[in-house]
Amino acid sequence: MAFSQQGDSFSFDTSIEDMKLVYRILHRHIGEHLELMDSAFMDELQIALQKTAQKEGVDIGHHGAWDLWLGNDTTTPCEERVKKRKTFDS
């Protein structure tokens, strides 16, 4: 892994496994840090992971397949997700 800086911007070279790990942890705590939902970093990280998953034949619209590809130990069916979904006041 390597970080490089150009002006005020940083870029990094990392493994897909590290990217999945960071995404899983950030996503798990997004309800505690709502500003993540609007961050360019989180958006770009998700897009990069989804493109990679699709290239590997994963249906990213199927939450169970997406979760398994990300490395989550268990998957929760959509019906259960909706029941447990939190709402946030803006």
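**Around Lys-20**

Student: Where does Lys-20 lie?

Tutor: In helix α1. Bear in mind that the model is predicted.

Student: Is Lys-20 buried or exposed?

Tutor: Lys-20 counts as buried, because its relative accessibility is 8% and the cut-off for buried is under 20%.

Student: What does Lys-20 touch?

Tutor: Leaving out residues up to four places away in sequence, Lys-20 touches Leu-49, Trp-69 and Leu-70.

Student: And how far apart are Lys-20 and Gly-71?

Tutor: In sequence, 51 residues separate Lys-20 and Gly-71. In space, their C-alpha atoms are 7.2 Å apart.

Student: What does Gly-71 follow?

Tutor: Gly-71 follows α3, and its phi is positive, near 100 degrees.

Student: Back to charges. How many salt bridges does the structure hold?

Tutor: The structure holds 1 salt bridge. It joins the side chains of Glu-17 and Lys-20, with 3.6 Å from N to O.

Student: Why can side chains like that pair at all?

Tutor: Side chains of opposite charge can pair when their charged atoms come close.

Student: How many residues apart are Glu-17 and Lys-20?

Tutor: They are 3 residues apart, about one turn of the helix, and both belong to helix α1.

Student: How does Glu-17 count for accessibility?

Tutor: Glu-17 counts as partly exposed, with 49% relative accessibility.

Student: New topic: helix packing. How is a packed pair of helices described?

Tutor: By the angle between the two axes and the distance between them.

Student: At what angle do α1 and α3 cross, then?

Tutor: The axes of helix α1 (residues 16-28) and helix α3 (residues 63-70) cross at roughly 120 degrees and come within 9 Å. The two helices are therefore oblique to each other.

Student: Which residues make the contact of α1 and α3?

Tutor: On the α1 side, Ile-16, Lys-20, Tyr-23 and Arg-24. On the α3 side, Trp-66, Trp-69 and Leu-70. By type, the contact divides into 5 nonpolar, no polar and 2 charged residues.

Student: Which residues of α3 are buried?

Tutor: The buried residues in α3 are Gly-64, Trp-66, Asp-67, Trp-69 and Leu-70.

Student: How do α2 and α3 cross?

Tutor: Their axes come within 11 Å and cross at roughly 100 degrees. That angle makes α2 and α3 roughly perpendicular to each other.

Student: Which residues are in that contact between α2 and α3?

Tutor: From α2 there are Gln-46, Leu-49, Gln-50, Thr-52 and Ala-53, and from α3 there are Trp-66, Trp-69 and Leu-70. This contact of α2 with α3 has 5 nonpolar residues, 3 polar and no charged.

Student: Aromatics next. What is the count of aromatic pairs?

Tutor: The count comes to 4 aromatic pairs. In one of them, the rings of Phe-3 and Phe-12 have centres 5.6 Å apart and planes at 40 degrees, so the pair is tilted.

Student: How accessible are Phe-3 and Phe-12?

Tutor: Phe-3 is exposed, at a relative accessible area of 59%. Phe-12 is partly exposed, at 37%. The ring of Phe-12 also pairs with that of Phe-41: the centres are 6.4 Å apart and the planes at 45 degrees, so this pair is tilted.

Student: Which parts does the pair of Phe-12 and Phe-41 tie together?

Tutor: Phe-12 lies in strand β2 (residues 9-13) and Phe-41 in helix α2 (residues 40-55), so the pair ties together parts that are 29 residues apart in sequence. Phe-41 counts as partly exposed, with 42% relative accessibility.

Student: What do the ring pairs make of those Phe residues?

Tutor: A cluster: ring pairs link Phe-3, Phe-12 and Phe-41.

Student: Now the whole chain. How many helices and strands are there?

Tutor: The chain has 4 helices and 2 strands. Along the sequence, their pattern reads β-β-α-α-α-α.

Student: And what share of the residues counts as buried?

Tutor: Buried residues make up 19% of the 90 residues of the chain.

Student: What about contacts between residues 24 or more positions apart?

Tutor: Those account for 28% of the contacts in the chain with a separation of 6 or more.

Conventions: Residues numbered from 1 in each chain as written. Predicted model: local features only at pLDDT ≥ 70, side-chain atom pairs only at ≥ 80, totals over all residues. Heavy atoms only, no water. Axes fitted to C-alpha atoms, helices over the stretch in contact; angles between N-to-C directions. Parallel < 35°, antiparallel > 145°, perpendicular 65-115°, else oblique. Contact = heavy atoms within 4.5 Å. Nonpolar A, V, L, I, M, F, W, Y, C, P; charged D, E, K, R; others polar. Salt bridge = Lys/Arg side-chain N within 4 Å of Asp/Glu carboxyl O. Buried < 20%, exposed > 50% of the residue type's maximum accessible area, 1.4 Å probe, protein only. Phe/Tyr/Trp six-rings, centres within 6.5 Å; stacked < 30°, edge-to-face > 60°.
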